[in-house]
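User: I would like to learn how to read some features of a protein model. Could you take me through them one by one?

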Amino acid sequence: GLIASAFSAGQAAPAIAQGKQIKLAYCSQLLCGVPYEVARSAGIFKTHGLDVQFVYTRGGTAAMQALVGGAVDYAATSLDVAIQAYANVGADIRRFAVTGRLPLFAIATAPKTADKIKSIKDLEGKTVGVNALGTADHALTLYLLKQAGADARKVQFATMGVNLLEALRQGQVDVGLVQEPALTLVKRAGGRVLMNAMDMEEAKSHLGGSFEFMGVAVRGKELEQRKPEMIALTRALAEALKALRGMSGDQLSAAFPKEMTTGLDLKEFGEIILAHRESLYPESVTIDLDSAKRVQQSLIVGGLIKPDASISGLHDTSIAGG
């Protein structure tokens with residue numbers, strides 16, 4: 001389940017700014033958190049002189065609000081959340097490191113529509129279940145429909161909230177936007193995957209390449225004073241990205257606090273991370289501006305930011321290059 005509480009990152013290590021603890025908020029979505037939880041549980045943050053405390057929020061928007069409101073020092077969120085805060089609200093934030101390069105969702109049919117719906121174009125005249133409207137997944141689906149030459153006005157989106165998986169399995173909707181472990185369960189029930197954005201090959205064919213996802217932001221006005229700390233944080237995350245590539249499924253699922261994985265089949269969760277890790281997690285924390293532009297385009301097509309919105313000042317590439 002989701003946790004709103006914060007877990008401490010163990011004993012204090014001599015941190016860069018006089019041993020003070022730094023707070024980093026993230027959305028508690030499991031696949032987002034892998035590099036962060038590995039850096040914490042394997043002691044990588046400590047090795048870099050950081051005492052990082054995670055603040056688990058319900059969703060990326062809440063993590064971003066915590067950063068903008070001054071409750072935390074850093075927020076790790078998907079790029080779409082950062083772009084909307086920057087472009088729509090004028091939030092003074094800078095993203096400086098990236099830990100995820102693909103969105104965490106797939107478009108899958110209900111088991112009973114698997115034979116009839118075989119492509120994104122086939123979504124015309126169908127009902128697509130979503131968690132909520134106006135989300136990045138919804139925007140990205142509109143973008144995919146446009147890429148496929150489909151008329152988005154002929155697609156009906158139905159808001160299902162947390163009951164999406166059951167609605168899809170029972171065929172109450174024709175298609176659904178699912179994350180893990182729902183994707184694994186729908187496939188097992190006989191659903192067809194139309195587009196798995198968590199797969200790099202599919203992302204290349206449908207999106208044109210990687211699609212900047214999870215990354216870390218700081219308040220713009222604190223950029224200079226926090227530079228040494230940001231460099232240490234970036235190095236620690238880069239090390240975690242390398243480490244997670246060599247870990248077993250059991251080690252990866254064990255990197256999370258027990259409270260976060262309550263009720264999950266840990267073995268299956270480990271296997272899900274293994275199945276997606278080559279695609280989801282970049283090999284370095286370096287910002288890829290082309291990847292960021294694809295996200296911006298999808299948000300414009302999805303109507304979540306204005307067509308003339310500029311994100312040129314959002315990324316700070318001085319720490320992890322660009």
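User: In which sense do strand 7 and strand 8 pair, and over how many bridges?

Analyst: Strands of a sheet pair through backbone hydrogen bonds, either parallel or antiparallel. Here, in a predicted model, strand 7 (residues 127-130) and strand 8 pair in the parallel sense, over 4 bridges. Two strands count as paired if DSSP finds at least two bridges between them. Strands are DSSP E runs of at least two residues and helices are H or I runs of at least four, both numbered from the N terminus. Opposite Gln156 of strand 8 stands Thr127.

Residues are numbered from 1 along each chain as its sequence is written. Local features need pLDDT of at least 70, side-chain atom pairs count only at pLDDT 80 or more, totals for chains, interfaces and linings use all residues, and side-chain values use heavy atoms, with hydrogens and water left out.

User: What is the strand order in the open sheet?

Analyst: The order is 8-7-9-6-10, with mixed pairing among the 5 strands. Strand 8 (156-159) and strand 10 (193-196) are at the edges with a single partner strand each, so one side of each has no neighbour in the sheet. From one strand to the next, the twist averages 25°.

User: Which strands does helix 5 lie across?

Analyst: Helix 5 (residues 136-147) lies across strand 6 (106-109), strand 8, strand 9 (175-178) and strand 10. Helix 5 runs at about 165° to strand 8. Such angles run from 0 to 180 degrees between N-to-C directions, with axes fitted to C-alpha atoms, for helices over the stretch in contact. Contact means heavy atoms within 4.5 Å.

User: How do I read the nonpolar core?

Analyst: In soluble globular proteins, nonpolar side chains tend to be buried together. A core is a set of buried Ala, Val, Leu, Ile, Met, Phe, Trp, Tyr and Cys residues joined through side-chain atoms within 4.5 Å. Buried means under 20% relative accessible area, exposed over 50%, partly exposed in between (1.4 Å probe, protein chains only). The largest core here has 115 residues, and Leu24, Tyr26 and Leu233 have the most contacts inside it. Helix 9 (residues 227-244) gives the most to this core, 9 residues. Leaving out residues up to four places away in sequence, Leu233 touches partners including Phe45, Tyr74 and Phe96.

User: How many disulfides are there?

Analyst: The structure holds 0 disulfides, a disulfide being a pair of cysteine sulfur atoms within 2.5 Å. Cys27 is in none; its nearest cysteine sulfur, that of Cys32, is 3.8 Å away. Cys27 is buried, at 9% relative accessible area. Cys32 is buried too, at 4%.
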